[in-house]
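Open your viewer and keep the selection tool at hand. The stops below say what to pick next and what is there.

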Amino acid sequence: MSSYCNGNVVGLEIAQEMVDRARSRYPHLRFLQLDAVEHLDKLKNACQGANKLFLDLGGNRPMESCVSLLPFLQSEVAPSLIVVKNRELAGFAEQHIQDLHDLEQGDEYRRVGPIPRPSVWWENVSKHVEDLVSVRQRR
């Protein structure tokens with residue numbers, strides 16, 4: 001994928017060992033050790049001028065981290081594309097696609113590609129996260 005990256009490219013990773021490995025493998029790209037969720041000010045500075053962001057938030061980050069991070073990146077960095085890798089968010093997307101397929105039997109069910117009706121999906125994600133936060137606050 002690095003061969004297709006033009007312009008301002010920054011790789012962010014929480015583990016220094018992985019940053020070191022990436023730097024040696026792709027010396028023409030810039031990599032920084034940074035917890036993107038915990039340090040929004042540093043994330044904003046690191047991503048300034050980037051037109052595409054690829055975020056691996058892994059399997060250990062709750063979906064609410066993604067939900068709060070994406071609007072921040074959209075408003076503060078304004079890239080043309082944001083790609084997020086997160087198990088919980090992916091599972092929610094998979095369920096959304098399956099639900100749409102079940103409702104509209106004519107559409108071909110597919111597991112890859114853009115999420116159909118993304119605004120509906122995002123509304124559902126946001127509502128789900130609000131519900132999770134509300135339940136946690138009541139405990």
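A salt bridge here is a side-chain nitrogen of Lys or Arg within 4 Å of a carboxyl oxygen of Asp or Glu. By that rule the structure holds three salt bridges. This is a predicted model: local features need pLDDT of at least 70, side-chain atom pairs count only at pLDDT 80 or more, and totals for chains, interfaces and linings use all residues. Residues are numbered from 1 along each chain as its sequence is written, and side-chain values use heavy atoms, with hydrogens and water left out.

**Stop 1: Lys44 and Glu76**

Select Lys44 and Glu76. Their side chains meet in a salt bridge, 2.8 Å from N to O. Lys44 lies in helix H2 and Glu76 in helix H3, so the pair ties together parts 32 residues apart in sequence. Helices (H or I, at least four residues) and strands (E, at least two) are DSSP runs, numbered from the N terminus. Are these two residues buried or exposed? Buried means under 20% relative accessible area, exposed over 50%, and partly exposed in between (1.4 Å probe, protein chains only). Lys44 is partly exposed at 29%. Glu76 is also partly exposed, at 32%.

**Stop 2: Arg61 and Asp35**

Next, select Arg61 and Asp35. Their side chains form a salt bridge at 2.5 Å, N to O. Arg61 sits in the loop between E3 and H3, and Asp35 in the loop between strand E2 (30-33) and H2, so this pair links parts 26 residues apart in sequence. Arg61 counts as buried, at 17% relative accessibility. Asp35 counts as buried too, at 14%.

**Stop 3: Arg21 and Glu17**

Move to helix H1, residues 16-25. Arg21 forms a salt bridge with Glu17, with the closest N and O atoms 3.2 Å apart. The two are four residues apart in H1, which means a separation of about one helical turn. Arg21 is partly exposed, with a relative accessible area of 46%. Glu17 is exposed, at 56%.

**Stop 4: the nonpolar core**

Now select Leu43, Leu69 and Leu73. They have the most contacts inside the largest nonpolar core, which has 21 residues. Such a core is a set of buried Ala, Val, Leu, Ile, Met, Phe, Trp, Tyr and Cys residues joined through side-chain atoms within 4.5 Å. Helix H2 (40-47), strand E3 (52-58), helix H3 (63-76), helix H4 (87-103) and helix H5 (118-138) each supply at least two of its residues. Which element gives the largest share of this core? H3 does, with six residues.

Stay on Leu43. Leaving aside residues up to four places away in sequence, Leu43 touches Leu12, Leu34, Ala36, Leu69, Phe72 and Leu73. Contact means heavy atoms within 4.5 Å.

**Stop 5: Ser68**

Ser68 is found in helix H3. The side chain of Ser68 reaches the backbone oxygen of Ser65 at 3.1 Å.

**Stop 6: the whole chain**

Zoom out and colour by secondary structure. The protein chain has five helices and four strands. From the N terminus on, the elements run β-α-β-α-β-α-β-α-α. Of the 139 residues, 29% count as buried. Among contacts between residues at least 6 apart in sequence, 57% join residues at least 24 apart. The accessible surface comes to about 9500 Å², of which 51% belongs to carbon and sulfur atoms. These areas come from the Shrake-Rupley method with a 1.4 Å probe; for residues, only the protein chains shown count as cover.

Methods
A polar contact is a pair of N or O atoms within 3.5 Å; within protein, one must be able to donate a hydrogen and the other to accept it, and residues adjacent in sequence count only if both atoms are side-chain atoms.
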